[in-house]
Amino acid sequence: MMEVTSSIVGQKLKEFKTSVDQRKINNYAAAVNDLNPLYLDDRLSSGLLAPPTLPAAITWPLINNIYEYIDLAYPPEVLLRLVHYSEHLEIHQPLRPGCQVTINGEVAAVLPGSKGTHVIFKLPAYNEHGEALFTEYIGGLLRGVNCADSGRGSENLPKHPQGDQTESSIWETAIPITRAACYIYEGCADVPFPIHTSPAFAQSVGLPDIIYFGVATLAQAVRELVNRENNADPSTVSEVACRFRGMVLPETFIRVQLTGRTINKERKELFFRVLNHEGREAVSEGYLKIAHTIDS
């Protein structure tokens with residue numbers, strides 16, 4: 001069995017640079033079927049802003065080619081076993097057209113698990129003025145890779161409240177996931193990965209078919225939460241987090257469920273999950289924070 005150790009915690013990634021333009025914002029909104037004018041209508045005097053989950057697509061070239069951004073004493077085959085397992089986005093300000101993005105990431109934590117090793121990368125992003133844009137903590141499960149020690153770095157990870165995860169929900173909505181949706185998300189979000197669009201590749205790794213993107217499933221949930229719980233205003237979304245659990249197959253549906261809601265003068269916290277067509281959790285421990293002030 002392949003092994004890694006937590007000695008890589010703190011190791012820096014090579015600098016990654018990219019940019020955000022109107023087309024990238026428009027395309028991402030189309031990728032998750034979100035027709036919010038704030039993402040699409042360039043006549044708005046306030047200007048366009050990006051959907052809250054766009055950062056996960058922005059960082060994809062880095063994660064997809066992670067072996068080019070970090071020097072490890074492990075063969076590339078180890079990191080190629082990474083499966084997206086956890087996502088935690090701290091959004092410091094919305095992304096807008098013309099924004100230049102610089103990321104200097106690091107390995108935040110390496111934690112042992114029953115099915116492999118959980119490796120979390122911290123990816124802080126800044127604009128050309130040195131202002132913080134977002135910080136992504138993206139966790140990958142190294143399937144079948146053993147952690148040779150007890151792990152390290154859990155203290156480096158952000159914590160968020162855990163909402164009600166019972167069978168009850170405040171509201172739920174069913175969303176169809178077509179086969180085309182897999183290809184539309186890959187193309188419009190520009191996140192190529194064959195497990196989502198190549199039936200031959202999916203079959204070669206033991207899957208019955210291509211599967212829908214985990215982040216796309218999350219983005220569908222975030223769309224519903226923003227539209228239903230924040231008057232379709234994404235500008236005050238300051239945090240999104242979840243774990244990815246089960247598969248979503250094309251030509252099925254998902255059910256987004258709001259399981260809890262907490263409101264005070266500083267924030268509104270939403271707890272949610274997404275079930276696949278079998279009733280299993282595709283997204284668990286969902287959390288979305290809206291920064292706002294309400295009247296006392």
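The following legends describe close-up views of a predicted model.

View A. Arg273 belongs to strand E12, which spans residues 267-275. The residue is buried yet forms no salt bridge. The side chain of Arg273 instead has a polar contact, at 2.6 Å, with the side chain of Gln257.

**View B. The crossing of helices H1 and H6.** Helix H1 covers residues 22-31 and helix H6 covers residues 179-189. Their axes come within 8 Å of each other and cross at roughly 165 degrees. Angles over 145 degrees count as roughly antiparallel, and H1 and H6 are therefore roughly antiparallel to each other. The handedness of the H1 and H6 crossing is left-handed.

View C. Although Ala232 is not a glycine, its phi is positive, at about 60 degrees. Most residues other than glycine have a negative phi. With a relative accessibility of 26%, Ala232 counts as partly exposed.

**View D. Glu251 in the loop between E10 and E11.** Glu251 is placed in the loop between E10 and strand E11 (252-263). Glu251 is likewise a residue other than glycine with a positive phi, near 60 degrees. Its relative accessibility is 57%, so Glu251 counts as exposed.

Conventions:
Residues are numbered from 1 along each chain as its sequence is written. This is a predicted model: local features need pLDDT of at least 70, side-chain atom pairs count only at pLDDT 80 or more; totals for chains, interfaces and linings use all residues. Side-chain values use heavy atoms; hydrogens and water are left out. Helices (H or I, at least four residues) and strands (E, at least two) are DSSP runs, numbered from the N terminus. Buried means under 20% relative accessible area, exposed over 50%, partly exposed in between (1.4 Å probe, protein chains only). Lys and Arg count as positive and Asp and Glu as negative; His and the chain ends are not counted. A salt bridge is a side-chain nitrogen of Lys or Arg within 4 Å of a carboxyl oxygen of Asp or Glu. A polar contact is a pair of N or O atoms within 3.5 Å; within protein, one must be able to donate a hydrogen and the other to accept it, and residues adjacent in sequence count only if both atoms are side-chain atoms. Axes are lines fitted to C-alpha atoms, for helices over the stretch in contact, and angles run from 0 to 180 degrees between N-to-C directions. Angles under 35 degrees count as roughly parallel, over 145 as roughly antiparallel, 65 to 115 as roughly perpendicular and the rest as oblique. A crossing is left-handed if the near helix is turned anticlockwise from the far one by less than a right angle, and right-handed if clockwise.
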